[in-house]
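Subject: Structure handover

Hello,

Here is the structure I promised to pass on. My notes on it follow below.

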Amino acid sequence: MSRNVKIALAIIGVISTLCCCLAVIIGVFAQRAFVTLAEQTFTEDPQQAAALGQAIIDYELPPGYQEQLGMNLMGNSIVFIANEANNDMIIMLIEVSDLIGNEPNDLDTFIDNAFSEQQGDTNITFSLVSEEPITVNGETTMLRTFEGTDDRGTSIRQVRATFASNNNVGQFMIMGAINSWPEEDVNQFIKSLE
């Protein structure tokens, strides 16, 4: 082997070693960055999730309900609220940034499209069954009620309304089994949003 070939092989070996080390370092830092981002984005702490929810809109929960999970990523927030005694229903508060839009119709379209894309996973096709005006955050909006049946034969109800949130545009969505639908709790929560 000539001297130049040996030098070239040594350089290739050094470059390969440096690339492997760099890949390991990037992998470690990327993992740490992802963990940090996840810690800053998601919370399972009920008090932090409640604070995130109250930043979207002022509300009061019916007895037995508590914020379970919160997420805030780039100004887009979502809070999941549930009652431990009724696992068949969930309340979601959603607030979006200007990236999705700052008009109620923008958020309605975004949510409708998201549910359309998820239908393959959930096998629920919702149909609009009623609309009625309600007051949320001091403004009139439409409460829309949808119903459908999941792949296990459970009849599901979804009620939602889009509103001017404290920072941009928000929506609340309540979804659960019709046969255990807590009408009084739902009405109490919606009334607290006025």
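**What turned up**

Arg 157 counts as buried, at 16% relative accessibility. Buried means under 20% relative accessible area, exposed means over 50%, and partly exposed lies in between (1.4 Å probe, protein chains only). Before more detail, the ground rules. This is a predicted model: local features need pLDDT of at least 70, side-chain atom pairs count only at pLDDT 80 or more, and totals for chains, interfaces and linings use all residues. Residues are numbered from 1 along each chain as its sequence is written, and side-chain values use heavy atoms, with hydrogens and water left out.

**Salt bridges**

Arg 157 has a partner. Its side chain meets that of Glu 147 in a salt bridge, at 3.0 Å from N to O. The term stands for a side-chain nitrogen of Lys or Arg within 4 Å of a carboxyl oxygen of Asp or Glu. Glu 147 sits in strand β6 (residues 139–149) and Arg 157 in strand β7, so the pair ties together parts 10 residues apart in sequence. Glu 147 is partly exposed, at 27% relative accessible area.

The whole structure holds three salt bridges. One of them joins Arg 152 to Asp 150, with the closest N and O atoms 3.2 Å apart. Arg 152 is exposed at 70%, whereas Asp 150 is buried at 9%. Another joins Lys 191 to Glu 194, at 3.1 Å between the closest N and O atoms. Lys 191 is exposed at 53%; Glu 194 is partly exposed at 47%.

**Fold and core**

The protein has four helices and eight strands. These are DSSP runs, numbered from the N terminus: helices are H or I with at least four residues, strands are E with at least two. Their order from the N terminus is α-β-α-β-β-β-α-β-β-β-β-α. Of the 194 residues, 36% count as buried.

The largest nonpolar core has 23 residues. Such a core is a set of buried Ala, Val, Leu, Ile, Met, Phe, Trp, Tyr and Cys residues joined through side-chain atoms within 4.5 Å. Ile 57, Leu 93, Phe 172, Ile 174 and Phe 189 have the most contacts inside it. Elements giving two or more residues to this core include α2 (46–56), β4 (86–96), β8 (169–177) and α4 (183–192). Another core, of six residues, lies apart from it; Ile 78, Ile 94, Val 169 and Met 173 are among them.

Leaving aside neighbours within four places in sequence, Phe 172 is in contact (heavy atoms within 4.5 Å) with residues including Leu 93, Ile 134, Val 159 and Phe 189.

Best wishes
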